[in-house]
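Work through the exercises below with the model open. Each task is followed by a solution in steps.

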Amino acid sequence: MLALLLTSCATTPDPAANVPTPVPAPTEARLPPLTTRDHSRILAAFGGEYDAGAIERLASEILDRLGAASDRPDQRYRLTVLNSPSINAFALPSGHLYVTRGMLGLVNDVSEFAAVLGHEMAHVSARHANQREDQVRTSELVAVMRARLLNDLAGAEQRREAARISLASFSRSQELEADAIGVRLLAKAGFDPYGASRFLQSMERNAAIRSQAQAASGGPDFLASHPSTPERIRQAILVARQYSGPGGVPRDKERYLRALDGLTYGEDPRQGFVRGRSFIHPRLGFTVTAPEGFTLENSRSAVTGLGPNDMAIRLDVVRVPANQTLQAYLGSGWIDGLAESSVEAVTVNGFQAATALARGPDWSFRIFVVRFGAEVYRLIYAARDLNAEVDQMFRSSMESFRRLTSAEQAVRQVRIRMVRAGEGDTVDSFLSRMQVADRADERFRVLNGLGPGEQPRGGELVKVIQE
């Protein structure tokens with residue numbers, strides 16, 4: 001497996017298959033070298049940087065207020081918004097904070113946003129106070145990012161799971177500590193300290209929806225490191241009560257929602273997206289379906305997936321000269337262990353393609369390359385036991401590679417839009433405006449921080465999902 005990965009790295013990926021190059025962060029050049037490397041890895045793993053100017057300006061103001069109220073007013077913080085629908089936020093010891101647009105969509109007011117940022121700031125200060133745990137946590141984050149960039153299909157998932165379990169085993173107390181520090185910081189900086197518990201409740205409700213829709217959404221967020229729990233909610237409320245009663249400090253809801261208006265919701269069609277076992281790329285115009293039991297994950301450089309019984313898949317795009325046959329490309333030395341006698345030309349739904357087998361000491365591979373327009377797409381299937389039945393399953397998956405119909409290509413990006421609720425409006429009043437595939441009622445409630453039985457208030461802005 002490693003030999004395949006090391007030799008395949010020499011092939012230059014075509015940037016046309018990826019999301020447009022993210023806008024570089026203005027202060028990136030001033031980051032320490034190690035932080036810059038970690039920053040690049042994080043961008044690669046989470047879809048690049050998302051342009052959210054209004055949110056970033058608001059974050060800058062919040063970070064200044066929180067920083068001034070903290071025990072380390074000299075520590076500088078900077079936020080990067082990641083172009084990922086996953087629900088996640090984390091920080092590097094340098095003070096570089098990250099939040100996904102998926103998490104931003106769950107926030108409903110300035111105090112909740114401050115709670116998210118304050119929690120991550122607390123992790124940074126805790127790491128300064130406890131260097132040993134900081135080193136463990138940082139090394140695990142770097143290992144996960146490196147595994148993704150090396151495209152180690154099987155090993156990456158094992159390391160991701162190991163890192164996730166390790167984080168959970170020693171970070172539960174860290175999370176509770178960061179929650180408490182964050183709530184105290186909110187109160188000291190003049191924000192509503194109950195913003196933390198409100199947001200944790202939204203996280204908990206969202207997790208319930210995700211658990212029900214996980215199969216359709218393509219699997220869990222491998223790097224989600226901030227699970228919401230009843231214990232965290234209870235503690236956040238207890239700490240907040242030390243400073244004020246509920247409703248004692250303005251939430252500043254409208255200002256946050258105005259800044260959020262227009263945020264991309266869900267997966268970005270420009271990057272391609274996963275639906276169950278299928279990867280669909282409307283802009284490039286193709287789709288392919290993985291074998292039964294596989295879970296796919298889309299990144300800027302490739303689509304990777306894991307299946308049952310030690311199987312894996314990778315889809316990427318490579319540059320192959322127009323005058324080079326696909327059979328010649330397979331035999332050009334980019335993969336070790338290739339069985340030359342297995343190279344054959346095939347046709348997949350009218351497209352020129354070629355396939356071959358490669359075997360290593362631990363893994364065997366069925367490789368397909370298909371010419372689609374000016375590009376050549378490469379599908380690499382891996383299995384520890386590549387028997388005839390498994391090989392036929394891989395072939396059947398490759399045969400699913402096809403051009404999208406016009407209707408399938410017409411998938412449009414949906415965004416979070418703001419609508420002002422009228423007197424007498426209920427959740428049901430807004431369901432027709434929710435352009436989501438399923439669970440419109442539940443998703444509307446989660447997005448707007450509404451519990452069971454709660455209704456939107458007349459005169460307030462609410463979030464809906466529309467093109």
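**Exercise 1. A helix and its burial**

Which residues of H15 are buried?

Solution. The model is a predicted one, and the helix to find spans residues 440-447.
- Step 1: Apply the cut-off, by which a residue is buried when its relative accessible area is under 20%.
- Step 2: List the residues that pass: Ala440, Arg443, Phe444, Arg445, Val446 and Leu447.
- Step 3: Draw the conclusion. Six of the eight residues of H15 are buried, so the helix is largely enclosed by the rest of the structure.
- Step 4: Look past the end of the helix. Gly449, which follows H15, has a positive phi, near 65 degrees.

**Exercise 2. The chain as a whole**

State how many helices and strands the protein chain has, and what share of its residues is buried.

Solution. 
- Step 1: Count the elements: there are 15 helices and 16 strands.
- Step 2: Take the burial: of the 467 residues, 55% are buried.
- Step 3: Turn to contacts between residues at least 6 apart in sequence. Of these, 67% join residues at least 24 apart.

**Exercise 3. Confidence**

Find which helix has the lowest mean pLDDT among the elements of the chain, and which element has the highest.

Solution. 
- Step 1: Begin with the average. The chain has a mean pLDDT of 81, and 79% of the residues score at least 70.
- Step 2: The pLDDT is below 50 over residues 1-31, a stretch with 63 contacts in the model beyond near neighbours in sequence. It is also below 50 over residues 214-227, where 44 such contacts are found.
- Step 3: Apply the caution. Where pLDDT is low, the predicted coordinates should not be read in detail.

**Exercise 4. Salt bridges**

Which parts of the chain does the pair of Glu61 and Arg255 tie together?

Solution. 
- Step 1: Side chains of opposite charge can pair when their charged atoms come close.
- Step 2: Take the total: the structure holds 23 salt bridges.
- Step 3: Examine the pair. The closest N and O atoms of Glu61 and Arg255 are 2.7 Å apart.
- Step 4: Glu61 is in helix H3 (residues 53-69) and Arg255 in helix H10, so the bridge ties together parts 194 residues apart in sequence.

Solution. 
- Step 1: Note the bridge, with a distance of 3.4 Å from N to O.
- Step 2: Locate the partners. Asp310 is in the loop between strand S8 (303-307) and strand S9 (311-318), while Arg384 is in the loop between strand S13 (375-383) and helix H12 (388-398), 74 residues apart.
- Step 3: Go on to shared partners. Salt bridges join Asp109, Glu112, Asp192, Arg198 and Arg251 into one network.

**Exercise 5. Aromatic rings**

Describe the pair formed by Tyr329 and Trp334, then a charge over one of its rings.

Solution. 
- Step 1: Take the count, which is 16 aromatic pairs.
- Step 2: Classify the pair. Tyr329 and Trp334 lie 5.2 Å centre to centre with 20 degrees between the planes, and the pair is stacked.
- Step 3: The charged end of Arg378 sits over the ring of Trp334, 4.5 Å from its centre.
- Step 4: Find another such case. The charged end of Arg65 sits over the ring of Phe191, at 3.8 Å from the ring centre.
- Step 5: Finish with the cluster formed by Phe279, Phe286, Phe351, Phe372, Tyr377 and Phe401.

Note on methods: Residues are numbered from 1 along each chain as its sequence is written. This is a predicted model: local features need pLDDT of at least 70, side-chain atom pairs count only at pLDDT 80 or more; totals for chains, interfaces and linings use all residues. Side-chain values use heavy atoms; hydrogens and water are left out. Buried means under 20% relative accessible area, exposed over 50%, partly exposed in between (1.4 Å probe, protein chains only). Helices (H or I, at least four residues) and strands (E, at least two) are DSSP runs, numbered from the N terminus. pLDDT is the predictor's confidence in each residue, from 0 to 100. Contact means heavy atoms within 4.5 Å. A salt bridge is a side-chain nitrogen of Lys or Arg within 4 Å of a carboxyl oxygen of Asp or Glu. Rings of Phe, Tyr and Trp (its six-membered ring) pair if their centres lie within 6.5 Å; planes under 30 degrees apart count as stacked, over 60 as edge-to-face and the rest as tilted. A charge sits over a ring if NZ of Lys or CZ of Arg is within 6 Å of the ring centre and within 35 degrees of the ring normal.
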